[in-house]
Amino acid sequence: MKSFSATPADIDKKWILIDAEGIVLGRLASIIAMRLRGKHKPTFTPHMDMGDNVIVINADKVQMTGRKREEHVYWHTGHPGGIKSRTKQQILEGAHPERVVMQAVKRMLPGNRLSRKVMTNLRVYAGTDHPHEAQQPEVLDVKAMNKKNTRSA
């Protein structure tokens, strides 16, 4: 039996819509990372972009367990002494709450060129509106996958 290696002609990309309201951030990020990479497909090939296009709505209503909302997110401006930080709670309440989900998914992917390419297939929106209705995305019900995926308040 020969090993299957996908070619660009074999790749079939779908559009998937995920509602993040009430879902635990880490579990959501791992599901999104798996879908973006294409590991849920039987034809998965590690060196090809096989994953689906993922749309995440209601990113500002994502849940976290424990005291993770008080954890700091650090970045550097590039200038001397330019280390900055904000808590995840401040980011979620700020102008760009979708960055928390984007960063969580990014950190669950390997750090290589293909992962940077795969991240372009992820679209995250803070509210319920998104401009991708023409692609007719399939709704993926993450809440129904496992009861641990949700958390109330």
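Of the 153 residues in the protein chain, 40% are buried, and this figure, like every other one here, belongs to a predicted model. The chain exposes about 9,500 Å², of which carbon and sulfur atoms supply 52%, while its C-alpha atoms fill a box of roughly 55 × 40 × 30 Å along the principal axes.

Five helices and six strands are present in the protein chain, and read along the sequence they follow the pattern β-α-β-β-β-α-α-α-β-β-α. Among contacts between residues at least 6 apart in sequence, 68% join residues at least 24 apart. The side chains include 26 that are positive and 15 that are negative, with the centres of the two sets lying 9 Å apart.

| Residue | Location | Relative accessible area |
|---|---|---|
| K61 | loop between β2 (53–57) and β3 (72–76) | 37% |
| K88 | helix α2 (residues 88–93) | 16% |

K88 counts as buried because its relative accessibility of 16% falls under the 20% cut-off, whereas K61, at 37%, is partly exposed. Leaving aside residues up to four places away in sequence, K88, which is found in helix α2, touches M64, K68, R69, E71, V73 and V100.

Notes. Residues numbered from 1 in each chain as written. Predicted model: local features only at pLDDT ≥ 70, side-chain atom pairs only at ≥ 80, totals over all residues. Heavy atoms only, no water. Helix = DSSP H or I, 4+ residues; strand = E, 2+ residues; numbered from the N terminus. Buried < 20%, exposed > 50% of the residue type's maximum accessible area, 1.4 Å probe, protein only. Contact = heavy atoms within 4.5 Å. Areas by Shrake-Rupley, 256 points an atom, 1.4 Å probe, with all protein chains shown as cover. Lys, Arg positive; Asp, Glu negative; His and termini not counted. Charge placed at Lys NZ, Arg CZ, Asp CG, Glu CD.
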